[in-house]
Amino acid sequence: MTRSLLERTIDMARAGRTPATGEPVPTGRRHPDGYLQYLAGDGYAYASEPGGEIYLGADSLQFAAFVQQLRLRGRALDLGSGSGLLAARLARSCTHVTAIDNSAAAVGASRATLAAECAPDRFEVVHTDLFAYLRETCPVDAVVTNLPFVPVPDGLSYSGYGAGGPTGLGLVERVLAELPAVLRAEAVFCLKVHCAVGPQGPLVAEPIRRFLERTGHAGCLMIDGDVPMAFRAAQSARNAVPFNPGHDDLLGVFDRHYSHLGEEFVSTIVVTQSASGSLRPGELITVDRRPAPAATAPAEAVPLPLVLRRYGALTAQMPEGYEELGTAAMVDEVAAHAERILELAAAGAGLEQCVREGLPGVAGLDPVAVRGYLVPVDRLRRAAQREAV
Ligand SMILES: C[S@@+](CC[C@H](N)C(=O)[O-])C[C@H]1O[C@@H](n2cnc3c(N)ncnc32)[C@H](O)[C@@H]1O
């Protein structure tokens, strides 16, 4: 019997292999291939409307490499296609790809990226609201999506490529509600989303479970990176500044809101497929909890002809998204004070206390910048714990 794609995906996750490449996760380094391929050009052409901004994160690169590895077939959709990177990877194995985005800049970039990858009759780029598109389209064989995921408290504004409603999962839940009508019998659905972890686990698990029950699909939820919630709150507060001019307490508002959502923020990939073989419909497993990913940029990185807001770490030591708040110098500073920080941790100090009392330079910094130290201090503590075991 041919083993289903989902079974192979789950095996890979259980074996501790990185979703991006299928290779064993190298210690302290993650998903470098995405950066290498992307930054070195990889045959892609990117373009955008003047002044337009397009999302391209470490998560995009990781997910694109993962999707390529699945070698999906038939007719595929990329919902919220941004740069077009995911759609272009789909086009390597699918017969036809439709990329959908509601941003003109993203549509321009997706079109240029796909045109560099495949013949004009094998793709279509549609400038529309993805929910309007889902209501009109015929069933397809594969749907991939990296949706906006940032939890944004009511009353605040945020960028269209990040805003995910108060829980961060507003768009995900709406897509899950519309999707069953759009999936053919053997269809595969792949979702990349970051979310808070509440007392019952990652917030995305429950809506996915309901989706599996409704569709009879089996599913695999992989977690492969996490940051402290206080760090994510500061990232969101900083990114919200241009959209909320004059607001004087964004950090406070995000902190209060996020404290109700959970204690950490994780990076997840979900794959679902109609059940076959040994997998029971509705099975959902959570695997691969590891230290947050880091990615490397190649020395030969080239500037891109794109007005691009690039997220993601560019050094081997910095985890995904880190550069929004921190610098490589901060990582070095934590390393230089490792002994003191670990003494504090051993005496039972929490993460924020380790930052405030373990690092001499933080007293004068603004409170958002101070949060930049949380992640390297967290990694340091965990590395020490691993060594002690
Ligand atoms: C997190 S970005 C991901 C982009 C790209 N797929 C990637 O992985 O890099 C989300 C994208 O969804 C688009 N988007 C958000 N809401 C949308 C909607 N209602 N309809 C269509 N596209 C939407 C945004 O413009 C943005 O390009």
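The legends below describe close-up views of a predicted model of one protein chain.

**View 1**
The protein chain holds 15 helices and 11 strands. It has 389 residues, and buried residues make up 51% of them. Among contacts in the chain with a separation of 6 or more, 72% are between residues 24 or more positions apart.

**View 2**
Strand β3 covers residues 96–101. Of its 6 residues, 5 are buried, and the strand is mostly covered. On one pairing, strand β2 (residues 75–79) runs parallel to β3, and 5 bridges join the two. Leucine 79 has isoleucine 100 in β3 as its bridge partner. Helix α4 (residues 85–90) belongs with β2 and β3 to a β-α-β unit, which is right-handed. The other pairing shown is with strand β4 (residues 123–127), also described by 5 bridges in the parallel sense. Here threonine 98 has glutamate 124 in β4 as its bridge partner. Helix α5 (residues 104–117) makes a right-handed β-α-β unit with β3 and β4.

**View 3. Strand β6 and its parallel partner β5.**
Strand β6 takes in residues 183–198. It is mostly covered, with 12 of its 16 residues buried. Strand β5 (residues 140–146) pairs with β6 over 6 bridges, in the parallel sense. Asparagine 146 lies opposite lysine 192 of β6. To get from β5 to β6 the chain passes through helix α7 (residues 170–178), and this β-α-β crossover is right-handed.

**View 4. Strand β6 and its antiparallel partners β9 and β7.**
Strand β9 (residues 264–274) pairs with β6 over 10 bridges, in the antiparallel sense. Phenylalanine 189 stands opposite threonine 272 of β9. Strand β7 (residues 201–202) also runs antiparallel to β6, and 2 bridges join this pair. In this pair, glycine 198 is opposite glycine 201 of β7. The link from β6 to β7 is a hairpin through 2 residues.

**View 5. The buried side of helix α13.**
Which residues of helix α13 (residues 351–358) are buried? They are Cys354, Val355 and Gly358. These residues are on the same side of α13, because they cover an arc of only 100 degrees around the axis. An α-helix has 3.6 residues a turn, so residues three or four places apart point the same way. What do the buried residues of α13 pack against? They pack against three helices, namely α12 (338–346), α14 (367–370) and α15 (374–388).

**View 6. The crossing of helices α12 and α15.**
Two packed helices are described by the angle between their axes and the distance between the axes. For α12 and α15, the axes come within 10 Å and cross at roughly 70 degrees. The angle makes α12 roughly perpendicular to α15. On the α12 side, the contact is made by Ala338, Ile341, Leu342 and Ala345. On the α15 side, it is made by Val377, Leu380, Arg381 and Ala384.

Key. Residues are numbered from 1 along each chain as its sequence is written. This is a predicted model: local features need pLDDT of at least 70, side-chain atom pairs count only at pLDDT 80 or more; totals for chains, interfaces and linings use all residues. A residue is buried if 20 or more other C-beta atoms lie within 10 Å of its own, exposed if 12 or fewer, and partly exposed in between; C-beta atoms are placed from the backbone. Helices (H or I, at least four residues) and strands (E, at least two) are DSSP runs, numbered from the N terminus. The arc is that of the directions from the helix axis to the C-beta atoms. Two residues are in contact if their C-beta atoms, placed from the backbone, lie within 7 Å. Two strands pair if DSSP finds at least two bridges between them. A crossover is right-handed if, with the strands pointing away from the viewer, the path from the first strand over the helix to the second runs clockwise. Axes are lines fitted to C-alpha atoms, for helices over the stretch in contact, and angles run from 0 to 180 degrees between N-to-C directions. Angles under 35 degrees count as roughly parallel, over 145 as roughly antiparallel, 65 to 115 as roughly perpendicular and the rest as oblique.
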